[in-house]
Amino acid sequence: MIKNFLFGFVALYLMATAFNASANDLALIPWPQQVQPQAGSFTLTSQTRICADWSSRQTAQFLAQRLRQSTGYPLKVHWRLFGALPQNGILLTTKNANTNLGPEGYELLVTTNGIVIRASTQAGLFYGGQTLLQLLPPEIFSTNVVTENWQAPCVQIEDWPRFPWRGLMLDVSRHFYKPSEVEAILDEMAVYKLNRFHWHLVDDDGWRIEIKKYPKLTQIGAWRQKVGLERNHRTDGETNTWPAWIKPTADKFAPDGRYGGYYTPDEIREVVAYATTRHIMVVPEIEMPGHSGAALAAYPELGCTGRPYEIERPGIFHGGALDPAKPKVYTFLDDVLTETFKLFPAPYVHIGGDEVAKGVWNQYPDCQALMKQQGIAVTNEAALQTWFTERMVSFISAHGKTPIGWSEVMRGGLATNVVIMDWIGGGEKAAAAGHDAIMSPADPVDFAYFDHYQSTNHAVEPRAIGGYLPLRRVYAFEPMPTNLPASLQSHILGPQGNLWTEYVASLPHAQYMIFPRACAMAEVGWSAKDARNWDDFTQRLTVDEKRLDELGVNYRPGMSDPDVRPPPPKKSAHHHWHHKQDSD
């Protein structure tokens, strides 16, 4: 008995030691919920078969296409009626899945003979596939054929996200990003299981969505005479013409020299479909009632003054606000949203609501009359904004959508059925009142604004809008308010990183600002709070940088304050790819 006990104890000790050593070798981002390393490895070969049940064919095709690009192996997808794993095979199946793992959870089992990815949904299977890719050598993300020993360590993983919302916002108003550039960022989001793409389509500096009923929005509002980087200089006063990748590409200029661009309905449908394949929800933002300079440049009669507006960039903020007292404003917004709803199947639409210029509405008789009619004090412009928001929420809700607004939409009272995107506070208060909230704070502590500097030495960084958000602070972000009761915690949907682009005019520059901070945000949103460990994360990130190299991402290397990254590697900034059907 004693001998058997001692033998068992030693065996358990050795297993635990092996577990720890192996776990340290797994460079997975975000870190899964449960990981049990096993002995041995699976080798992917040209004879490996990828199998899937009928409902999982498309997910299997996506994984197969990614594997084909770097391995050069044929890897056709085979349909299997029963969930038995073939020798030297990869099986994706929803059969006998553990539904307790939730709609995005999955099980991944890697043995020496084969691999099984099991989930109750296609999203879960997709995420299991992303984890499998990270178990393989980083060269698996190459878009060129690579000669490599394609081994994945044996492991058993049960995984699910901590939060349902794991977001990234891209501002395409200040600078236009082509559909292919947006899709590049979607590809990169998918690697890290980020699942919400917040598309900031309109603002003072540009209107980027074509609205058929209002053609001047893109004829006038999508273009300006200057790029707006004229103030992009180093702190020593030297004009910052280096690195070259901060500059916009020539195709952002019209034949007449104007700078900008916009998305046609077909281009938006393509981007949305591209995101959907990667299980990313695209949430459009139509900013209102402030930050409406581009709309007012096209239709000045929608403003309080009726005077012409400019969309050039004399400064980083100028207050174009719609006139809430004019019925034609609501006709305009209802029409714009109606066309927008047809392009975006997401249940959400973001309506902005931030930074409405103070002292504008209460200066004009029609706004004063409206405030008096509604019993609002003339000095209480926040209450007038809440009245405006309630009007728009009624329209949006009637069309089966849920509105999202920045923190300011609750300053005059919390409108019903609004999700709060907390950037300067209000998320905890909203959740306590039974409203959902998305946490992306810039103030009082910045955890989520990727347009801010990554180094305190500004002379070695591309010009940024200000602030300081190092990678370590992003990783330390805790989206769940400390004092929120457990019964209300489900109202905290999750975290989001935001890239405003006042000074970011190119895809390589956007990638430099996003990565690796988005990797940290992905782990904040997915992994267990207690599992987060900065030293371990940075070790995994050294491997992940090799993945980003293979993807051609112009990320910012290092963990603290190194010199600015040199020009991008020899391969192009992004190898854009679509998967195609190929099964038997």
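**A walk through the sheets and helices**

Let's start at a strand pairing: L92 stands opposite I117 in strand 6. Before going on, note that this is a predicted model, in which local features need pLDDT of at least 70, side-chain atom pairs count only at pLDDT 80 or more, and totals for chains, interfaces and linings use all residues. Residues are numbered from 1 along each chain as its sequence is written, and side-chain values use heavy atoms, with hydrogens and water left out.

Back to our pair. Strand 4 (residues 89–93) and strand 6 (residues 114–118) run in the parallel sense and share 5 bridges. Two strands pair if DSSP finds at least two bridges between them; strands are DSSP runs of E with at least two residues, helices are runs of H or I with at least four, and both are numbered from the N terminus. Zoom out and you find an open sheet of 7 strands in the order 1-7-5-6-4-2-3, with mixed pairing. Its edges are strand 1 (34–43) and strand 3 (77–79), each pairing on one side only.

Helix 3 (residues 122–135) lies across strand 4, strand 5 (106–110), strand 6 and strand 7 (151–159), and runs at about 35° to strand 5. Axes here are lines fitted to C-alpha atoms, for helices over the stretch in contact, and angles run from 0 to 180 degrees between N-to-C directions.

Now look at L67, found in helix 2 (residues 57–71). With 0% relative accessibility, L67 counts as buried (under 20% relative accessible area, with a 1.4 Å probe and protein chains only). Leaving aside residues up to four places away in sequence, L67 touches L44, I50, G72, L75, I90, L133, L136 and I140, where contact means heavy atoms within 4.5 Å. L67 and I140 are 73 residues apart along the chain, yet their C-alpha atoms are separated by 6.7 Å.

Further along comes strand 16 (residues 402–406): 4 of its 5 residues are buried, so the rest of the structure largely encloses it. Strand 16 pairs in the parallel sense with strand 15 (residues 348–350) over 3 bridges, where H350 has I404 as its bridge partner. Strand 16 also pairs in the parallel sense with strand 17 (residues 419–422), again over 3 bridges, and there G405 stands opposite I420.

Last stop, a helix pair. The axes of helix 4 (residues 179–191) and helix 13 (residues 507–514) come within 11 Å and cross at roughly 25°. That makes the two helices roughly parallel (angles under 35 degrees). The contact is made by E181, A184, I185 and E188 of helix 4 with L507, Q511 and I514 of helix 13.

Note on methods
Angles under 35 degrees count as roughly parallel, over 145 as roughly antiparallel, 65 to 115 as roughly perpendicular and the rest as oblique. Buried means under 20% relative accessible area, exposed over 50%, partly exposed in between (1.4 Å probe, protein chains only).
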